[in-house]
Structures are given as C-alpha cells and as structure tokens.
Amino acid sequence: MKAIRRFTVRPLLPEPLRPLTDLARNLRWSWHADTRELFQSVDPERWATSDGDPVRLLGGVRPERLAELAEDRRFLRRLTAAADELHDYLTGDRWYQTRPTAAELPAAVAYFSPEFGITAALPQYSGGLGILAGDHLKAASDLGVPLIGVGLLYRHGYFRQTLSRDGWQQEHYPVLDPNELPLSLLREQDGTPARISLALPAGRQLHARIWLARVGRVPLLMLDSDVEENDLGERGVTDRLYGGGSEHRLLQEMLLGIGGVRAVRTYCRLTGHAPPEVFHTNEGHAGFLGLERIAELGDDGLDFDSALEAVRAGTVFTTHTPVPAGIDRFDRELVARHFGPDAELPRMDVDRILRLGMETYPGGEPNLFNMAVMGLRLAQRANGVSLLHGQVSRGMFAGLWPGFDPDEVPITSVTNGVHAPTWVAPEVLRLGARQVGAQRAEDALAVGDGDRWDVVSGVSDQSIWDLRRVLREQLVVEVRKRLRASWRQRGAGTAELGWIDGVLDPDVLTIGFARRVPSYKRLTLMLRDRDRLMELLLHPTHPIQIVVAGKAHPADDGGKRLVQELVRFADDPRVRHRIVFLPDYGMAMAQKLYPGCDIWLNNPLRPLEACGTSGMKAALNGCLNLSVLDGWWDEWFQPDFGWAIPTADGAGTDPDHRDDIEAAALYDLLEQRITPRFYERGRAGLPDRWIEMVRQTLTLLGPKVLAGRMVREYVDRLYTPAAQAHRAMSPDTARELAVWKTRVRSAWHAVTVDHVETSVATTTAELGTTLALRVRVGLGELAPEDVEVQAVSGRVDEEDRITDASTVPLKAASGPDLEGRWLYEGPLSLDRTGPYGYTVRILPSHRLLASGAELGVLAVPGEDGGEGAGVLMR
C-alpha cells in the first residue's frame, strides 16, 4: 500500500555525538577526507549503502551503535578534532582576508546559477555548468571569498538514466524530499519559514521558500516553489532541471533571477550577512536579477536609465555557450505578458524591459528575447570560460558593438578550473602529503598560488606507477559493480552475467570518455571505423579498454540514438570485456572514473567546447589528455601533457568527411604513439616515458587547472573592479552617467573624422620612424572631454585590415575653428617591420566607462578623409 503522508524521522543523537549533526549539515564533508573517514567509521556497511551521504547515514544508524560510539573515547577524540577543525576553517582568516588590498575587495558577492553540483548527495545538476558552479562555491569557501550562492531546488533534480534491453536511454525522476537532504529551511525570527513571492498575470502569485545549504563558508540559497500556498501549476515551477516548455522555463528563470535577489535580501536581513556589492550571473538563466535590482533602485527614487547604470557597474556576466542554440530565447509576447502593471515589476515600463533582451542587431531575430543578450546589456563586465571561448564569444556577440572588431568586443575570459579536493583521489592526496605534509598539500590544492608543483619530482617512478595501477584496479572493480547493476535493470538474470567478472583488466591501457551527449561532443566518433577500433581493443600485446558514460537530454532523440549505437557496440560479445557503457553518469561515478583512467578522450567539434573541465579533473589524478584542441586544451596543451587530435574544421568541410579524417587521426595516435609508449618498458621494467608524462602533467598542468586559481582571477580581474565601480556609482553619479550617455548617443551623428595627414608622404619608412599625425575632427555638440581620438596602428593583411592593433590617444591642439572643427595631434611610432597601416577613430570617453566600446558607437574616417585616412607602409 502507498502511504498517504510522508515524514522524515531523525535520530536523537546522544549528547557526546551532537557535533556529528553540524559536520553532516555542512557540505565541506564532501571534499574533506578526514570527515568522510570519521562518518565511515560510524557504520562502514551503512555508509556504503547510503552512497557516502552522512545525513542518510545518521538517519539509519541503530540506537545501540550510537550508544556504543558515545562511550568510545577514541571516536570521541576524532569527533572533537573534526568539529574543532571545521570551526577553525569556518572562522579563521584565509587567502581573501589576508590580501594587502582587503579594503578594496567586495564585502560580498552573490553568485547565481540554475544548477549546482556540490555532491551526489544533493543532485541539483545536469552537467558541466552545474559542476563548475559547485566547484566555484567550494573554491571560494577555501579562499575565504564572501560568496552567497543562489539557485533553485528541483524536486526531481535532473533525471536518473537507465537502459532498455536494446540500449535505449530511459529517464526516471525520483522525488527528492528536502528534509532528507543536507539542507535547512531559512526561517524568520518567529520560526516561520521565510518566503518570497512573484506576481504572475491575472492576479496570481508564485510563492517560494528558501532552503539553505552550507558549502563550507559559503551559504547556498535554493528556492522551492512546491509549497501549499501555490496552485498546482505554480508548485511545479521547480519540478525538474531544464524541463517543461517555454513558459515553464521563463518562470524558472524569473524565480531564479528576481526571486533570487529577494532571497538574498531576506538572508542578509535575517543573518546580518553583508549585502552583496557584486552580482555574478553564471549564464543567462539568471539574467532577470538585473531587473529586480533596477526596480529596487526605482523604489528608492532613481529613474530607469540611472538605475541601469548603477546595476551594470556591479554586475559580472559569464557566458558558457559557444553556440546560439545553447541560449534560452523567448517570444517577446510571452515575456511582455509576465511583466508590467498586471504582473511582475509593475512600475517598470515593459518596453524598456524588452529592449534589454531583444536581438536588435544585424542577424538577430527581433521578435525573440535573448537571455544572454540581456545578461550582457545588464553587466559592465563579461567573460567566457577559456581563451578560445572568449574569442568565440566576442565574435558571436559582436553585433551588440557595431563597428568594433571582434577583438575589441568587451568580453574577456577566465579559464575554468576544478576543485582539486573534490576530484583528486585520496590515494593521490596521500602521496602528496607524504612529500610535503598534509597541510601544505591541502593548501596547494585549494589555493593554487604556484606555477609549478616541483615537489612531484621527488616522487619515485615506482611510486607513480604503483599508484596508477591501484587506481586502475579500483576502477575495474567499480565498473564491474555498475555494469552488473545495469544489466539487471535491463532484465538480465544472474546466470547470464558471469562474463562481467572478466570485464576490463587492471594492466591494460584504460581510456575514459564521459560527458553530456549533445551531437557536437561526438560520443560515437570512436566507432567511425569499427574494424579498426576492434583491432585496437583486441590487440594481442598493446590492447586498449574504454569506459564510456553520458546522458542525452530527455528531449534529444538524436543524442539517445548515439547512446544506443555505443551501447550496442559495447554489448558485442567479442569486445564487451574491453569497452563498457555505464548509465547514470553523475558525480559519484565521476570521482571513481577520472583517477582510474590513463587517457581522457575528448573529441568535440572545434570550437564548440567552451572549456570542458572533465579533462582537468583527470589530469589532477595523473591521467593524460587525448583531445581536440578546443576549450582549455587549446590554451594549455603541450606534448608533455598528452596528445592533440588534428582537426579538419573549416566552413567548406563536409561533416562526414571531417569525421572520417578526425577519427582516422585518433586511431593513428592510439596505434602509433600512445599504446607503444604505455607498454614499452625501460631498464627497471617501468614505462619510463609514460611516467615522465604523468609527472609533467602533475608538475606543470596541475596548478593551472585549479578552481582556486580561477576564483582568484575572478576576484582580481572582475569582482574587485566591479565592487569599486559599484561604490563609485552613487545615485547622483549614476544620474550623471545616464544623462551623459543619452547626450552622447543623441549627438554622435555629428561626430566625424574629417582629415588626416602625416609628416611622411611616401609609402615606405624605416623601422623606428616616428610620424607626426594631424587630425581634424568634428565633435558637433560634444566637447573634447566627451571623446578620445585615437590612432590605431599595426600590421595589415592582404585586405589592409589592421591586425594585432595598438592604440595611441591623440591630444587636442586647437579648436574649434570657424567651422567648429578641432585639431588633434600626436606621434605614431613605426615599431614593426613589414606591411603596416594606421587609421584614426573617435570613441566616447568618461571616467566611469569600463571600456571605450561600452556605448557601441565610434567614428572613423570617410572615403575622403585625407591620405586614405590610413597610409600603408609597404
């Protein structure tokens, strides 16, 4: 029979064991090995069946065992030490507090994301975006950065994946009870649950309560619409991650952005936490947060334009997608219906809201409201997540800054990193601790403030190779366990599964491939030539074995067909001991998979991988990367760390032919370079060259890929400048900037570059020559302090386009003349040989602009601007 009501019955811990509750309720246990080992010792068998979740563990421990532990002096000493260590971690000064520029740093940063991958015990993530967000919070905690995380609590999470007998992906949505998760309700002073609400069309309301997860020092606020005050439809707004149609997604994103700001305000009011000076939007899903902050300032008497400037100053936007299809876009009428007098933000002009997100630029669709476009328009600072992705993003969004070269589009990049204490195997941690001590090893992984880990050079070849085999053997055990469970779910009987005991070999070169399954990641590229792959898998002396995992989106039948194709190949009795597909890829599986692989394979279509952090996690465990030069690998690849798969990208390349070429290159690398290096043995019977690559990966690549390095970059390059801009933007200053921008935009049509002349009349000149530039410009109603006149110079290509440009400001020498023209002058040094050119341009200039491109306007010479307005030095 089915229960009509469900309760969560919590154990009553004996007084000496009460600290266990605090340890279980702070998710630092998920990356702190000593705390996990303490919980495991409570009841090793139940720890295993609870999937390493302390809350579930404590909910099921027998009272007799608790009484026994309450009298166990050795256990109580360990418990006291763990509780004291957590207290020190939460309250002591860390990297952020000891910065010499501490007074300039933000008092708090609010970090918004639609998903967070903190631990498998809190399944609120689908893939890389959520795992990155979780690693960002953990690294911020380790560094002492005063972050407040903001997300949604999905009642079904993403989905659980199983396979049918014929290998078709099947989705399951288990109900998650928040009372059984490591969460607590945020409560008002009188003990009632704190609530926020949004206004919906036709007088309806969307209510949500606020759950709090403790991620070390960082509070994570998660909004949950499954409350009794809501009608059935509104209760389902937070039902599942990335589910439902357009209106469902729009409501989720309004709740995340607008409701999230209200949740932050509530949390700060109730706890005394410093209010955020910086708001960081992780992807466009949370972009509506800027509208709520504009509305707040409007309630304080600021007009829309001035409030927009104040909000932009303290906002950072991170884009994670390199393709337009990865961005949420909504019909303008749908968005309009949910704002204005009869819905949310009633005092705000709906047309002003719509203009923030409409694709009003060449190539855009003017009827669509684009969440990433709104995110960029509401943020003064924006970034991609690798150098290559920053470049791709500048080209992708260049329409928002017409007239500027893509290189000048104000989108920088901060390359993602991964939280080493979460992803590095305990055995690797212990090896480091033996070399430098536990505390120094922990600091090196968490803070990541060195360029090299030279200590790895002191580890013997034998120790490295023994470690790699131990990790590979653990993966073999894990794979067999998961594979057996998967086949039982597919309907196989125990008698059919004896072959699983021979699946994989701890002495065979092991390749891992695990990620989401959109078509561009090319799950099945390895199957392009099946005969050749079989030869590699079954080679008599140099075999390989492959572990594959990944989920296709529930609505993506194309992705599901790729999964089925891979599964059917892996089911073939001839190779099933050498290649396996493991369903239900998630954090728990990943933490076993990365350390146990020798090679991490990544073969997306270049440049469609924004960053791709799975290879970073593998590298931190001594796994070598075999990847297309995309995302982070394009930036940091060296032959010491692994191999680059040659690509055949180009607009004119037939997709099938491209896949054939790149698959052949993959097979060639495996046959000719990778497997020989793994299996060749030196004098001591060890693969010396392979071990040296592992050593170089750990020494040189390890410090680069850390989330600690990433968060420190965010603090120095984005958060601190944003906080300073926020502080400078008083109401009067915001009004001044808004009025100035309006004046400049309205007057810009009269700004012209009328004549350019130089002191050199020939088309050749010697290196080191300095030209004297004289430029006559028209400023219309603007004054010299409103603009900057620049000389832009550099090498030129065959079409006379300036590349690798440098800019030099010119100074007003006289003016205005009788025609209202101003004369600007300045030197131009010819500092490079070869074809060289220059031009002149005028940009808006104001002390509060983060970039000269911010307004998206400029003036350049016309066809008759004198001397071609840019003499080319041939």
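## Backbone and domain features

E283 counts as buried, at 6% relative accessibility; buried means under 20% relative accessible area and exposed over 50%, with partly exposed in between, for a 1.4 Å probe and protein chains only. The model is predicted, so local features need pLDDT of at least 70 and side-chain atom pairs count only at pLDDT 80 or more, while totals for chains, interfaces and linings use all residues. Residues are numbered from 1 along each chain as its sequence is written, and side-chain values use heavy atoms, leaving out hydrogens and water.

Most residues other than glycine have a negative phi, and most peptide bonds are trans. The table lists departures from both patterns.

| Site | Feature | Value |
|---|---|---|
| E283 | positive phi | near 75 degrees |
| L345 | positive phi | about 50 degrees |
| R606 to P607 | cis peptide bond | omega about 5 degrees |
| G815 to P816 | cis peptide bond | omega near -5 degrees |

E283 lies in the loop between β9 (278-282) and α10 (289-299); helices (H or I, at least four residues) and strands (E, at least two) are DSSP runs numbered from the N terminus. L345, in the loop between α12 (332-337) and α13 (350-357), is also buried, at 5% relative accessibility. P607 is placed in the loop between β18 (599-602) and α23 (614-619), and P816 in the loop between β25 (811-814) and β26 (821-829).

Helix α22 (residues 587-596) is largely enclosed by the rest of the structure, because seven of its ten residues are buried. Among them are M587, M589 and L593. By contrast, Q189 is exposed, with a relative accessible area of 68%; its place is the loop between β5 (184-185) and β6 (195-199).

The chain is divided into domain 1 (15-91), domain 2 (108-417 + 719-728), domain 3 (451-703) and domain 4 (747-844), with bounds from an automatic or database domain assignment. Domain 1 and domain 2 bury about 1,200 Å² between them, 57% of it on carbon and sulfur atoms; buried area is the accessible area (1.4 Å probe) that two parts lose on being put together, summed over both. R25, L27 and W31 supply 48% of the area that domain 1 buries against domain 2, more than any other three residues. Between these two domains the count of salt bridges is zero, a salt bridge being a side-chain nitrogen of Lys or Arg within 4 Å of a carboxyl oxygen of Asp or Glu.
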